Amino acid sequence: MKNAVVYLEDGTCYYGQTLATTGETSGEVVFNTAMSGYQEILTDPSYAGQIVTMTYPLIGNYGVNETDVESGGVHVKGFLVKEFCRYHSNFRATESLIDYLNRYKVMAVEGIDTRALTRHLRERGAMRAIISTEDLDPKSLAQKMKKVPSMEGADWVKEVICKKPYLWPAEGEFKDRPRFRVAVIDCGVKFNILRIFARLGCECQVVPAGTTFEEIMAYKPDGLFISNGPGDPAAVPYVISEAKKAVGKLPIFGICLGNQIMGLALGGRTFKLKFGHHGANHPVLDSRDERIGITSQNHGFCVDIDSLDKEQIEIINKNLNDQTIEGIRHKKFPIYSVQHHPEAAPGPHDAQYLFEDFIKLMAESKRR
Amino acid sequence: MPKRTDIHKILLIGSGPIVIGQACEFDYSGTQACKALRQEGFEVVLVNSNPATIMTDPETADRTYIEPLTPEFLEKVIEKEKPDAVLPTLGGQTGLNAAIALYEQGILQKHNVKLIGADYDVIKKAEDREHFKKAVQKIGLDLPRSAFAYNMDEAWKAAEEIGFPLIIRSSFTLGGTGGGIVRSKEDFARMAELGLASSIIHEILIEESIEGWKEFELEVMRDNKDNVVIVCSIENLDPMGVHTGDSITVAPQQTLTDAEYQNMRNASLALIREIGVETGGSNIQFAVDPQNGRMVVIEMNPRVSRSSALASKATGFPIAKFAAKLSVGYSLDEIQNDITRETPASFEPTIDYCVVKAPRFTFEKFPEAQDVLGVQMKSVGETMAIGRTFKEALQKALRGLEIGHIGLDNKVNFQDIPDEKIQKRLMEPNASRIFYVKYALQKGMSVEEVARVSKIDVWFIAHMEQLLNFEKEMLAEIEQNKDLSKETVRQAKEWGFSDAQLAKFLNMSEPQFRKKRKDLGIVATFKQVDTCAAEFEAYTPYYYSTYETEDESVIENRKMDAKLGKRKKIMILGGGPNRIGQGIEFDYCCCHAAFAMKELGYETIMVNSNPETVSTDYDTSDRLYFEPLTFEDVMNIVDVEKPDGVIVQYGGQTPLNLAQRLEQAGVPIVGTSVDSIDLAENRERFSKFITKLGIEQPANGSAISTEEALKVARSIGFPVLARPSYVLGGRAMKIVYDEKTLLSFIDEAKEVSQGHPILIDKFVEEAVEVDVDAICDGEDVFVAGIMEHIENAGIHSGDSACVIPPPTISEHVIERIRQHTRDIALGLKVVGLMNIQYAIKGSHVYILEVNPRASRTVPFVAKATGNPVARIAAKIMVGKKLSDFELKREDPRHFSIKESVLPFSRFSGVDIVLGPEMKSTGEVMGIALSYGEAFAKSQICAGQGLPLKGTIFLSVNDEDKRHIIFLAKKLEDLGFALMATKGTAKVLRSNGVKVKLVEKCGEGRKDLLKLIEEDKIDLIINTPSGERSQSDMRAMRAAAILHNIPCITTLQGAWAAVNALDVSLKNGWSVCSLQEYYKK
């Protein structure tokens, strides 16, 4: 245990103690309000470049296991909590969270007044931070802060994507004869998206972001899925351009960053939210049936409602907390995308029907 | 969907008296519902038999009926008020059962009253176990293996298939009456029979035992658009096998991964949809096998519950209020979250703290009952604590219980406890198991071993081990350095160690330690409860203390002062967890204090730790601090709020006990001075004072040693009334007839009174007891209510029935009572409320006790007379005069009777005879224009409905034999058949009363017990003989309880009953609202 400072770009400091990993790290600090699901959060590639604060104070209660992972590794740049659990309890646990964080060399700090930090971020907005055990001097940290890149305009996608294409097979009765082949543009895809497709009888051809539309079509997919991922959507023009090409050619479904990419591909703009949505309790209204789902969310950027051509695009999902866009649909083509995470992990499963909607779209366009 | 326009007038049914399993939480939910519905423009008609509630205040609903919650009376209210709908889901199991009965008897249909919130089929589906089981299986969820039985043959068959241990649950009961874990064939016969008897439909469920599994609860809400949200998840520290009301519980759930939690959430959604609860809240319980995660559904309540009150307080999400709004047509997204103001109610609260609820037990009141917990609820109250960590919240909860623990401390030396006892106390759930976990760890048992024996999850035990290890480190540090470092103290405070605990380690006084801590710069900070983990700005000042870096109450205070200008602040100290003797009545008073102060323009600050209550609704006062009522916790709030006045008179003995220390610490206490409080409590000072006033009191003395006590008793002469001082509810109070009993009493009293002297009074036999509540402003006195007890002096005032106006006391004596009351109030310089108990014998008016504080009878007096007594007195405490108020001084034309409700059916083996130690959990009120009808109603309200025909069994002690003759004749005239035991029968026969002789228990084939078992007796009148209550009579009374036969144990009670029978047989019932009574 070493004393650590969390130095924010506006000069505010919070203090705590690190686990085994010491040194210095930096990133954008955000807070997540989910009360469970820390393992999924740690392994979610969308958190690349970010330091995550958990608002729930007791973290590590049920340890970690081998299945609740959303990628092959841990992506957060730092992890801030009130208290790490010293003695976990769960029949599926294979390791303690503390050992896990140490194994992945995550700068993890406990003893933080995470509520004070959250209130600060709520009022001032998400901002960059440095966590350090080496240098506790605010003055020199202020100097170092100048070199920490902003989230805006930064391409974090390339840091987390697969190096080469791979196939995620369908499961169950469709194991050998998948119903559909989905081309997945990996911008940092969460495994649970692939697991759900597989469970629904789809095989996923995962390709790294940057793969051209033509290369994708060579796989003869029935539909195109654009995944979630970290950072600013404006920083991945190489995905937006390919998405544009796919419009009208394939059924398309996007989640999170995928939604922002579709928004941009369809002529809209995106902007950065003050402190983003990161949690598992956001009410989203689906205007098609007036039903409200409680959704899992994790995004710092958002599609600008006014920037979209309403002749072409319908807004199908809205966040009831702040009325921001949560989902769009193309009026002519079989295209839709959502800002929230229907795959959950962590969070409620209320919006999982959206995957089935995509299956229907693929089925319809196949028939045509 | 917007609100419904097809309904205008809504009937709300309350939950009746406070009983084990149904407490203040339904006053909280009902009051919220009344407020919400009236805000929406609906007319609300309320029926509840419990006068000690805020919901029965005449301002809460448009029409308020304090009447029995039976179909007969409810129909009369419906006929009179013609409501369009009845909302059955906010009045607990009692309200729900009443609505079911109204529907099943066709009364709702006949009067065209709709059920809103949940319709009949839904209630049936959720409440009837067979229906429920089918519904669960239909949606593919798992259940424990089980079978239903309607008779003993079926029961035995099921037991063979399932195997022991198994659980018996009785359908349609509350708090698990008539249920239990059965480990052997012998127990099975008894338990199955009991279960069948206590179910109103004679149905029991026999079930695979999943004892020791992890237990969880989810609070779910659904609207008419089929939107569903989970408000809160709760994990029980005590695993399956202990009723959730008796378990220590934690929110949110701790040991499920997100995947497992979502699985449970999905199951809840599927279940509420399948059951079809259209709108409102439900509570669903699950059990999870810790070995493999198998999840089974335990039960569902299609209504707000104790857990939903807890969930509301734990998250800030007002379930009952929203349930009421949903029931009249709104959907969740149409309701604003009051706390954030900008986000809708259609979301799931997320919290950034840990909540621990701990139950408060009262086994000390029922020494014959075993302190063992099971599936039948036994606790009488609860406390909730909030902390940033489980460790902090647990320690706060334990000190908030007010059971003499100042945290997870050692009350006894662990080395003195034999290993076998530790094993037993760990294995067999009991009221103090949590402390045995610590003793076990101290004796060297490992976390895993303790978990294996107790089945408590290692997660909880490991946290307790952390606390223990840290305690050891602290002691070592003190050993070495004679002091604790700043870092250590800081860590200790973050982990919830109280100043009292740390002061004890350091061998200093608590105030000394407090000063040291503050000098070190370690002070409590307050954080907001805001439903959203700080994601949105919150507007409700609802706080808890913790040791962090930022204090939000200070920030919010500054903002408020800037916006509204600096206002004067009054802080009200609540009563903490309910217990026998200190319950809802005091919460009622605290709420009124808050309302009164608001009316006078003060900023009101409420401090309380009881999640069931109206006082801890964030709407009740301007600022709410959810904190234990200890010196330390109160002072921490005083430090940040700096109130201009603190009210300690209203929360019962809890805040009163703090008064002296608070005053010494410079806290401005308003109302009667601490010195006057002491004058009334200090026996010697009080005696001198009373003598000076020339008022009679029974000969008395006080003693701090055994020898002294014997000396006092000998000089006064037996019988004496002996009791510890500074306690409430007659704790350990006893009428003692001889020296031997006195000696054993002293042993018990020593523990209770903690250094305060034992009080010994001459017991005035056969005296009429009178309770008086009065308000004094220092110059003038208003006698608010004079209550004549139906039972003679000697039975605790909280347990006896009482009447306003006094039916048998002469005008002359009443005038003397008024005069004495005035003299005492002025002499004591009372400012605010005061309660005096008198004993009247012949022309003597003895003073028994003076309490310069709000009493248990204040809400009853207010309801009976129409004067908002508590509110007026609160205003007087801050300087108003009696002359500022318009008071109804004339005696009311109607009779009001308060009757107590006793928990005997929960404690098997306990004798039901009343005495000076209070045993009742709640009260009801009967109100009518005649004394007889009022009494009859009070008995029906108390669940002791008198039979209108049939057989009455009489057996009275020798002193009462002469008095019973006329009574028996009257009963004969009313058409009852009479039975009696030998002695009583002889007296009656020789006076020409026809009576059948009954053999005493065990004396014949058709003895008393058999007659009771065969339901051949409809009412029992049995007055026990003094101290030596015969064992067969005891067995008879126990059997009466089991078979739900009303049992009257005093002659005065019997007379009141005869009066009541007379009236009800001749005149029939009438109902009338409080609003109408007050106009008359």
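How many helices and how many strands does chain B have? Chain B has 37 helices and 38 strands. Keep in mind that this is a predicted model.

Let me stay with chain B. The radius of gyration is 28 Å. The globule rule gives 31 Å for 1080 residues, so chain B is as compact as a globular protein of that length. Along the principal axes, the C-alpha trace of chain B spans about 80 × 70 × 65 Å. As for burial, 61% of the 1080 residues of chain B count as buried. Now contact order. Take the contacts in chain B between residues at least 6 apart in sequence. Of these, 70% join residues at least 24 apart.

Next, one sheet in chain B. It is an open sheet of 5 strands. The order is β3-β2-β1-β4-β5, and the pairing is parallel. Which strands stand at the edges? They are β3 (63–65) and β5 (114–115) of chain B. Each has a single partner strand, so one side of each is left without a neighbour in the sheet.

Look at one pairing in that sheet. Strand β1 of chain B covers residues 9–13, and strand β4 of chain B covers residues 85–87. The two run parallel, joined by 3 bridges. Within this pair, Leu12(B) stands opposite Leu87(B) in β4(B).

On to chain A. Its secondary structure comes to 10 helices and 19 strands. How does the radius of gyration of chain A fit a compact globule? With 368 residues, such a globule would have a value near 21 Å; chain A has 20 Å, which agrees. The C-alpha trace of chain A spans about 65 × 45 × 40 Å along its principal axes. Of the 368 residues of chain A, 59% count as buried. Again, take contacts between residues at least 6 apart in sequence: in chain A, 76% of them join residues at least 24 apart.

Chain A has a domain assignment. It gives domain 1 (2–145) and domain 2 (157–367). Taken over C-alpha atoms, the centres of domain 1 and domain 2 of chain A are separated by 28 Å. How many residues does each domain of chain A put into the contact? Domain 1 of chain A gives 23 residues, and domain 2 of chain A gives 23 residues.

Consider the side of domain 1 of chain A that touches domain 2 of chain A. β3 (24–32), α1 (38–43) and α3 (114–124) of chain A each supply at least two residues of that side. The largest share, 3 residues, comes from β3(A). By residue class, that side of domain 1 divides into 10 nonpolar, 9 polar and 4 charged.

Last, the contact between the chains. It takes 46 residues from chain B and 40 residues from chain A. Which helices of chain B each supply at least two residues of the side that touches chain A? They are α9 (258–275) and α16 (458–481) of chain B. The largest share of that side, 6 residues, comes from α9(B). The residues of the side of chain B that touches chain A divide into 18 nonpolar, 15 polar and 13 charged.

Key
Residues are numbered from 1 along each chain as its sequence is written. Chains are lettered from A and ligands numbered from 1 in the order in which they are written. This is a predicted model: local features need pLDDT of at least 70, side-chain atom pairs count only at pLDDT 80 or more; totals for chains, interfaces and linings use all residues. Two residues are in contact if their C-beta atoms, placed from the backbone, lie within 7 Å. Helices (H or I, at least four residues) and strands (E, at least two) are DSSP runs, numbered from the N terminus. Ala, Val, Leu, Ile, Met, Phe, Trp, Tyr, Cys and Pro count as nonpolar, Asp, Glu, Lys and Arg as charged, and the others, Gly among them, as polar. Domain bounds come from an automatic or database domain assignment. The radius of gyration is taken over C-alpha atoms; the globule rule is 2.2 Å times the number of residues to the power 0.38. A residue is buried if 20 or more other C-beta atoms lie within 10 Å of its own, exposed if 12 or fewer, and partly exposed in between; C-beta atoms are placed from the backbone. Two strands pair if DSSP finds at least two bridges between them.
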